[in-house]
Amino acid sequence: MSAKKDAPIKLEFSNKYTREHSQYYYEKHKRGIEPRLSHWRDVQLARKALKIAGEPKEVLDLPCGAGRFWPTLAENPSRKIIGADNSADMVAVALENCPKEIASRITAFQTSAFAIDMQDNAVDSIFSMRLMHHIGQPDHRIAMLKEFHRVTRDTVILSLWVDGNLKAYQRRKSEERHPRGANQNRFLIPAKVIEQEFVQAGFKVVNHLDFLPLYAMWRVYVLRKV
Ligand SMILES: C[S@@+](CC[C@H](N)C(=O)[O-])C[C@H]1O[C@@H](n2cnc3c(N)ncnc32)[C@H](O)[C@@H]1O
């Protein structure tokens, strides 16, 4: 293997999840009507996606962030939940705030989505919310998808921003007026492009679910290994 291939991929945005920011992230989804509504819809889509994926028994939640999906994942009483995140502070905040009644069913550790510290075919599904839209380079996205392909036995559930809706149109227009430059850390990926990348990494699309069809950019994909 070449040295280039071995070099771990590190994204600039990953550094922002300090202890302080992790605590802020935990509180963010509980503050105000809009974040609560958005979280409620995220949970609804997550439930549907898990059902489409066949109610996987062993799920790797990567990145788990502050663990906001753990109660949803735990709704299936026989599911084993593994939380993981690049930020050790995020993992600590998630564990500290984990509801007591589900804590015994969760194990969590620090790892990168580009080099997951698990064996091949270790879990039934990888559940990856709000990470892909931070990855602007196609080769980085393919690397992560291939790593997911190595670690899952069956499915991947992931969310990202796609085009084909009003918000994406407005974002493109605003980017034309004010180019975001090198500091940009959230990216809109055309659906056609990401769907080709899924195939390139060895997945087929089972289904997709839109946060608010034709309006919002968030889309959840359910993928299966081929
Ligand atoms: C927007 S948060 C999403 C967290 C969670 N999935 C949610 O929806 O609440 C992004 C998370 O990605 C994590 N992260 C950043 N770079 C990562 C990487 N290379 N591998 C795994 N996690 C990463 C951050 O630490 C952060 O917790």
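The sulfur of Cys64 is too far from any other cysteine sulfur for a bond, because the closest one, in Cys98, is 10 Å away. A disulfide is a covalent bond between the sulfur atoms of two cysteines. Here it is counted as a pair of cysteine sulfur atoms within 2.5 Å, and by this rule the count is zero disulfides. Cys98 is likewise in no disulfide. Cys64 is buried, with 5% relative accessibility, and Cys98 is buried at 12%. Buried means under 20% relative accessible area, exposed over 50%, and partly exposed in between, with a 1.4 Å probe and protein chains only.

The model is predicted: local features need pLDDT of at least 70 and side-chain atom pairs count only at pLDDT 80 or more, while totals for chains, interfaces and linings use all residues. Residues are numbered from 1 along each chain as its sequence is written, and side-chain values use heavy atoms, with hydrogens and water left out.

**Sheet and helices**

Seven strands make up an open sheet with mixed pairing, in the order S3-S2-S1-S4-S5-S7-S6. Strand S3 (106-110) and strand S6 (203-210) are at the edges; each has a single partner strand, so one side of each is left without a neighbour in the sheet. From one strand to the next, the twist averages 20 degrees. Helices (H or I, at least four residues) and strands (E, at least two) are DSSP runs, numbered from the N terminus, and two strands pair if DSSP finds at least two bridges between them.

Strand S1 (residues 58-61) and strand S4 (residues 123-128) run parallel and are joined by three bridges. Leu60 stands opposite Ile126 in S4.

Helix H7 (residues 138-151) lies across S1, S4, strand S5 (152-161), S6 and strand S7 (218-225), at about 150 degrees to S5. Helix H9 (residues 191-200) lies across S5, S6 and S7, at about 20 degrees to S7. Contact means heavy atoms within 4.5 Å. Axes are lines fitted to C-alpha atoms, for helices over the stretch in contact, and angles run from 0 to 180 degrees between N-to-C directions.

**Ligand**

The ligand is surrounded by 22 residues, and the closest are Ser14, Pro63, Arg68, Asp85 and Met129.

| Residue | Distance to a ligand nitrogen atom |
|---|---|
| Pro63 | 2.7 Å |
| Ala113 | 2.8 Å |
| Met129 | 2.8 Å |

Key:
Near = heavy atom within 4 Å. Polar contact = N/O pair within 3.5 Å; in protein donor to acceptor, adjacent residues only side chain to side chain.
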